[in-house]
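Subject: Structure handover

Hi,

Here is the structure I promised to pass on to you. Have it open while you read, and my notes on what turned up follow below.

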Amino acid sequence: MKSLLYKYRKFFIVLILFSVVTISLFYSALKPQKTLPIYNPADVNPELVDSTIQYKSKYHTIADFSFVNQNGDTITQKNYEGKIYVVDFFFTTCGSICPKMTTNLADVQKAVLNNPKVLLLSHTVFPEVDSIPVLKAYAIKHGVVDSKWNLVTGDKKEIYTMARKSYLAVKLGRPDQLYDMVHTENFVLVDTKRRVRGFYDGTNKEDIKRLLADIDFLCNE
């Protein structure tokens, strides 16, 4: 028996290697590949989408924008060109979900701090209150790194338009108040082609883990 094994040892080695490779390829073929959806207005809860675009089912991208950040600098889509970025909506005096959202986004900032492909963008929904000095104080309090994370303010109509027509992320506020918004806990993930690729509960640690995993996926897509 030993002599037989020795005689055909090369054949058995090749057979074993062939079997391992075949099983690996078969497993890879059966294993589901990770993908991320591309969201359009028609895919999202209508409460979060302006009625004029709720029908849109393809080719949705983030519109051009121009706001002012915590340092008084003008921030436009050009600052985010070719970047993966995370967006949210908040206000500095919010005492409910905002503190937890900001803490979790600070954790995201820490995780991507040395990744030049990723940025963060937070919009106030109360620009009449959240002036540049107020945003700056909030940024310092929460450890915002200016090169990584912009807290922006601007014209309320423009913020409303971006929130409901681009990022699909806030609900209507009081009907008697023009451009009134009720921000949600959503973090929105945008890819380098300005497409919405994910929504995450900014108050939920498990969703933050999912967000970070999806950022890594997009970085290697």
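This is a predicted model: local features need pLDDT of at least 70, side-chain atom pairs count only at pLDDT 80 or more; totals for chains, interfaces and linings use all residues.

Where is N69 found? N69 sits in the loop between β1 (66-68) and β2 (74-76).

Residues are numbered from 1 along each chain as its sequence is written, and side-chain values use heavy atoms, with hydrogens and water left out.

**The chain as a whole**

The chain has six helices and nine strands. Of its 221 residues, 42% count as buried. Buried means under 20% relative accessible area, exposed means over 50%, and partly exposed is in between (1.4 Å probe, protein chains only). I also looked at contacts, meaning heavy atoms within 4.5 Å. Among contacts between residues at least 6 apart in sequence, 69% join residues at least 24 apart.

N69 is buried, with a relative accessible area of 2%. The side chain of N69 reaches the backbone nitrogen of N71 at 2.9 Å. That is a polar contact (a pair of N or O atoms within 3.5 Å; within protein, one must be able to donate a hydrogen and the other to accept it, and residues adjacent in sequence count only if both atoms are side-chain atoms). Leaving aside residues up to four places away in sequence, N69 touches I75, I132, N150, L151 and V152.

F67 is in strand β1, and F67 is buried too, at 3% relative accessible area. F67 and H123 are 56 residues apart in sequence but 8.9 Å apart in space, C-alpha to C-alpha. H123 is also among the residues that F67 touches, as are I75, V152 and M162, not counting residues up to four places away in sequence.

**Helix α4**

Which residues of α4 are buried? In this helix (residues 132-141), they are L135, Y138 and A139. Seen down the axis of α4, the buried residues fall within an arc of 100°, so they line one face of the helix. The arc is that of the directions from the helix axis to the C-beta atoms. Those buried residues pack against β3 (84-90), α3 (98-112) and β5 (149-152). P133, I140 and K141, on the other side of α4, are exposed. Just after α4, G143 takes a positive phi of about 70°.

**Strand β8**

Five of the five residues of β8 (residues 186-190) are buried, so β8 is largely enclosed by the rest of the structure. N186, V188 and V190 point one way from β8, and F187 and L189 point the other way.

What does β8 pair with? Two strands pair if DSSP finds at least two bridges between them. β3 and β8 pair in the antiparallel sense over three bridges, and V87 stands opposite V188 there. β8 and β9 (residues 196-201) also pair in the antiparallel sense, over five bridges, with N186 opposite D201. The hairpin of β8 and β9 has five residues between the strands, and R194 in that hairpin takes a positive phi near 65°.

**The nonpolar core**

A nonpolar core is a set of buried Ala, Val, Leu, Ile, Met, Phe, Trp, Tyr and Cys residues joined through side-chain atoms within 4.5 Å. The largest one has 55 residues, and F65, Y85, F89, Y167, L189 and I215 touch the most other members. I215 touches I84, V86, V108, V112, V118 and L189, again not counting residues up to four places away in sequence. In soluble globular proteins, nonpolar side chains tend to be buried together.

**Two more spots to look at**

Y59 has a positive phi of about 65° although it is not a glycine. Y59 lies in the loop between α2 (9-30) and β1, and at 68% relative accessibility it counts as exposed. L168, also not a glycine, has a positive phi of about 55°. L168 is in the loop between α5 (156-166) and β6 (170-172), and L168 is buried, at 0% relative accessible area.

Happy clicking!

Key: Helices (H or I, at least four residues) and strands (E, at least two) are DSSP runs, numbered from the N terminus.
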